[in-house]
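Here are my notes on this one, written as numbered points. Keep the structure open while you read, and hop between the two as you go.

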Amino acid sequence: MDLEQLEQLFLHRQSTREFSSRPVPDELVERICSLALLAPSACNAQPWKLVAVKGERKNKVAKGLQDLGMNKFATDAPVLIAIVEAKGNLSATVGSRFKDNDFTHNDIGILTAHLVLAADAAGLSTCILGWRNEEKLRAPLGLGEKERIPTVVALGYAAEDYPIRPKKRKPLEEKFTFLPDEA
Ligand SMILES: Cc1cc2nc3c(=O)[nH]c(=O)nc-3n(C[C@H](O)[C@H](O)[C@H](O)COP(=O)(O)O)c2cc1C
């Protein structure tokens, strides 16, 4: 893949809030998750697990994403993939404390990016959902009461004619600086 193709992928990936009812084959969900799990993590701790749901269980999970009338479309997504924090390893935990740097959140963000981009490359659409109620999510996801679920990704085929929106991003000058060589 060259840079132009990567750019196309980045521009094509967007938060999709209208899904078709076309089912996603289980093997494709597993394949996308297995690619996402190639994501890097601090000390290779991989402090995560992915839990995919569909059907009736997915409808129950969707309820944990809809407080205050938000994310109504989550019910129409054929698959929801919960990103769950998991124990990392000793080096990452010690490093996090010493450097006052929450590696787990970084790692989970990278995993999520891998997941949504892999899905897009497979012709699917996604929406990352951070507006969630962890208490409501845990039981239908089969998780323990202390397990954390930073985000859930809605996955499916976009509704027919769902448009690709131009990206709205702040100007490069505001967000990127290349400092002169001389310090
Ligand atoms: C951590 C995170 C949480 C998000 N939570 C939600 C959410 O709960 N509901 C929603 O509709 N979109 C959510 N989004 C999607 C953002 O609104 C979206 O990524 C942003 O507006 C940029 O648009 P784009 O993804 O189409 O490029 C979330 C995105 C991220 C990265």
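1. For the cut-offs: 20 or more other C-beta atoms within 10 Å of a residue's own makes it buried, 12 or fewer makes it exposed, and in between is partly exposed, with C-beta atoms placed from the backbone. Arg17 sits in the loop between helix 1 (3–12) and helix 2. Which residues does Arg17 touch, not counting those up to four places away in sequence? They are Phe73 and Cys127; a contact here means C-beta atoms, placed from the backbone, within 7 Å. Arg17 and Phe73 are 56 residues apart in sequence, yet 5.8 Å apart in space, C-alpha to C-alpha.

2. A word on what you're looking at. This is a predicted model, where local features need pLDDT of at least 70 and side-chain atom pairs count only at pLDDT 80 or more, while totals for chains, interfaces and linings use all residues. Numbering starts from 1 along each chain as its sequence is written.

3. Now the overall build. There are seven helices and four strands, and they follow the pattern α-α-β-α-β-α-α-β-α-β-α along the sequence. Both kinds are DSSP runs numbered from the N terminus: helices are H or I with at least four residues, strands are E with at least two. The C-alpha trace spans about 60 × 40 × 35 Å along its principal axes. Of the 183 residues, 31% count as buried. Among contacts with a separation of 6 or more, 81% are between residues 24 or more positions apart.

4. Seven bridges join it to strand 1 (residues 48–54); Trp48 partners Glu85, and Lys49 stands opposite Val84. Five bridges pair strand 2 with strand 4 (residues 151–156), where Leu80 has Ala154 as its partner.

5. Two helices to find next. In helix 6 (residues 134–141), Leu137, Arg138, Pro140 and Leu141 are buried. The buried residues of helix 6 pack against strand 1, helix 3 and strand 2. Just after helix 6, Gly142 takes a positive phi of about 70°.

6. Last, the inside. The largest nonpolar core has 37 residues, and Leu80, Ile81, Ile83 and Leu155 have the most contacts within it. Such a core is a set of buried Ala, Val, Leu, Ile, Met, Phe, Trp, Tyr and Cys residues joined through C-beta atoms within 7 Å. Among the elements that each supply at least two core residues are helix 2 (26–36), helix 5 (103–121) and strand 4.

How values were computed: Pairing = 2+ DSSP bridges. Contact = placed C-beta atoms within 7 Å.
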